[in-house]
Amino acid sequence: MIDRLTDLRLFTLIVERGSLTGAASELGLSPGAVSLRLSSIEKALEVRLLRRSTRRLQLTEAGDQLYRTAKHVLGEMEDLQDQLKGDRGALAGPVRVSAPLDLGRNYIAPTIDALIRVHPGLAISLVLSDTPLDLSAEGIDLAVRYGRLPDSALKLRRISSNRRVPVASPAYLDRVGRPQRPQDLKDLNCLALLRGGGRFDLWPFQVEGRRLNVKVTGDRDVNDGDLLHRWAIEGAGVVLKSAWDVAHDLRAGRLEALLVPFCPVDVDLQIVLPPGGRRPRRVDFVADHLAAMLRQLDQCLDDVGLGSVDMAEAVSGLG
C-alpha cells in the first residue's frame, strides 16, 4: 500500500501535466525514472491507474479515484501546515486557475501579476479556454466561469449576474445604422463564436416578456472570444459579448452596446471550485482576490448603465 506523500504528489503531477515527460521536467527527473515510480505505485496497489495513448494519458476508474483522494489528502496536509504556522506561514505553492479567454487575458492575468509581486512564493498556472474544463481531470484549483452550471458537485461562489449584449464600434454603426429591434441584426454583419463544435449564431433576447432567439449571419467566426472582441473594436461587425468583457471599452467609447433593453439578465459570473474537502489557504486567498477584482469590474458597468443585479431580479427578468 502507498504510504508516502511523495508518491501521491508524483501521481497528481503526472495527471495534471498530462504526461510523464511533463511531470519529469517539473521534478527535474528523467521520464524513465518517473515511469518506474508510476509502475511501482501501480504494482503496490495492484491496479492500473493510467492508460497510455499516443496523444495523452487517460485515467482509469481506479486512477480517477486515487487522484481525487490524493488531492484531498495533500490539501489536508497543506492546510494542516498552514494552521500550525498560523500567520507566520507565507503564501507559497502552486495554484491552477482556469478562466475564459477574454476575461482571463484582460482582467485575471493582471490580477495574478499583482498577487505574485506581493507573494513571490505563489506559482500560478492560468489555463484560458472558452470551453468549460473538467476541473478534476485538468487539476484546476479554481475556475472563473460564466453561466449556470449543471454539475451540482461543484462548489460555486457567485459574484453577480449580468447579461450578454451585442456590441460594435461607433464607426461601423455610423456606416450601417443602429439596430432598433433584435430582428434588425439579420441585416448586419454579426461575428459568431465557435463553441462546442458549433457556431453560436442564435442570439437570445427578451421581447415583451418572451424569449426570442435571433439567428445571425456574418462573414467570419472564431473559437477565440478575445479575437471577436478585437474584430468588433476594429469595425468588422457586431459581436455578442458578456458585459464584463467589454466594460472598459464601453466606458472609453471604443464600443457601443446595442439593444440593451432586450438583453435578458441571465448570465452568472462565478468562481467554481472542484468537489472535495478543505482547500489550501493559498487557493482561498487567490479566490478572494479574484472575487474582489471582479466586483470592482461590476462597478465599472454601473458607469455605462449595465450594472449587475441580484439573483432575484435576474430570475424574475426571465419571465
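Guide: Helices and strands here are DSSP runs, a helix having at least four residues and a strand at least two, numbered from the N terminus. Please keep in mind that this is a predicted model.

Visitor: Which elements each supply at least two residues of the lining of the largest pocket?
Guide: They are the helices α1 (5-17), α2 (20-27), α4 (61-85), α6 (135-138) and α10 (281-302), together with the strand β3 (93-99). The pocket itself has a volume of about 820 Å³, and among its 36 lining residues Thr12, Glu16, Lys71, Leu74 and Asp141 are the closest to its centre.

Visitor: How do the residues of that lining divide into nonpolar, polar and charged?
Guide: In the lining of the largest pocket, 14 residues are nonpolar, nine are polar and 13 are charged.

Visitor: What makes up the lining of the second largest pocket, and which residues lie nearest its centre?
Guide: There are 27 lining residues, and those nearest the centre are Asp130, Tyr146, Arg164, Leu193 and Arg195. Two or more residues come from each of β3, α5 (101-118), β5 (142-146), β8 (190-195), α8 (225-233) and β13 (238-242), and β8 gives the most, with four residues. The space in this second largest pocket is about 450 Å³, while its lining divides into 15 nonpolar, five polar and seven charged residues.

Visitor: What is the largest cavity lined by, and how do you know that it belongs in the count of cavities?
Guide: The count takes cavities of 30 Å³ or more and comes to one; the largest cavity holds about 40 Å³ of space, and its lining consists of Arg164, Pro204, Phe205, Leu240, Pro264, Asp266 and Val267. Five of these lining residues are nonpolar, none is polar and two are charged.

Visitor: Why are α5 and α8 described as roughly perpendicular to each other?
Guide: Their axes come within 6 Å and cross at roughly 75°. Angles of 65 to 115 degrees count as roughly perpendicular, and α5 and α8 are therefore placed in that class. The contact is made by Leu101, Asp102, Arg105 and Asn106 on the α5 side and by Gly225, Asp226 and His229 on the α8 side; by class, one of the residues in this contact is nonpolar, three are polar and three are charged.

Visitor: Why is threonine 111 called buried?
Guide: Threonine 111 belongs to helix α5. Buried means under 20% relative accessible area, and because threonine 111 has 12%, it is buried. When neighbours within four places in sequence are left aside, threonine 111 is in contact with His289, Leu290 and Met293.

Visitor: How do you know that asparagine 189 counts as buried?
Guide: Asparagine 189 lies in the loop between α7 (170-176) and β8. The cut-off for buried is again under 20%, and asparagine 189, at 18% relative accessibility, therefore counts as buried.

Visitor: What is asparagine 189 in contact with, leaving aside its neighbours within four places in sequence?
Guide: Its contacts are Tyr172, Thr217, Gly218, Asp219, Ala236, Gly237 and Val238.

Methods. Residues are numbered from 1 along each chain as its sequence is written. This is a predicted model: local features need pLDDT of at least 70, side-chain atom pairs count only at pLDDT 80 or more; totals for chains, interfaces and linings use all residues. Side-chain values use heavy atoms; hydrogens and water are left out. On a 1 Å grid over the protein atoms alone, a cavity is a set of points where a 1.4 Å probe fits but cannot get out, and a pocket is an open set with protein on both sides within 12 Å along at least five of seven lines; lining residues have an atom within 4 Å of a point. Grid points are joined across faces, edges and corners, and a volume is the space filled by probe spheres set on the points. Ala, Val, Leu, Ile, Met, Phe, Trp, Tyr, Cys and Pro count as nonpolar, Asp, Glu, Lys and Arg as charged, and the others, Gly among them, as polar. Axes are lines fitted to C-alpha atoms, for helices over the stretch in contact, and angles run from 0 to 180 degrees between N-to-C directions. Angles under 35 degrees count as roughly parallel, over 145 as roughly antiparallel, 65 to 115 as roughly perpendicular and the rest as oblique. Contact means heavy atoms within 4.5 Å. Buried means under 20% relative accessible area, exposed over 50%, partly exposed in between (1.4 Å probe, protein chains only).
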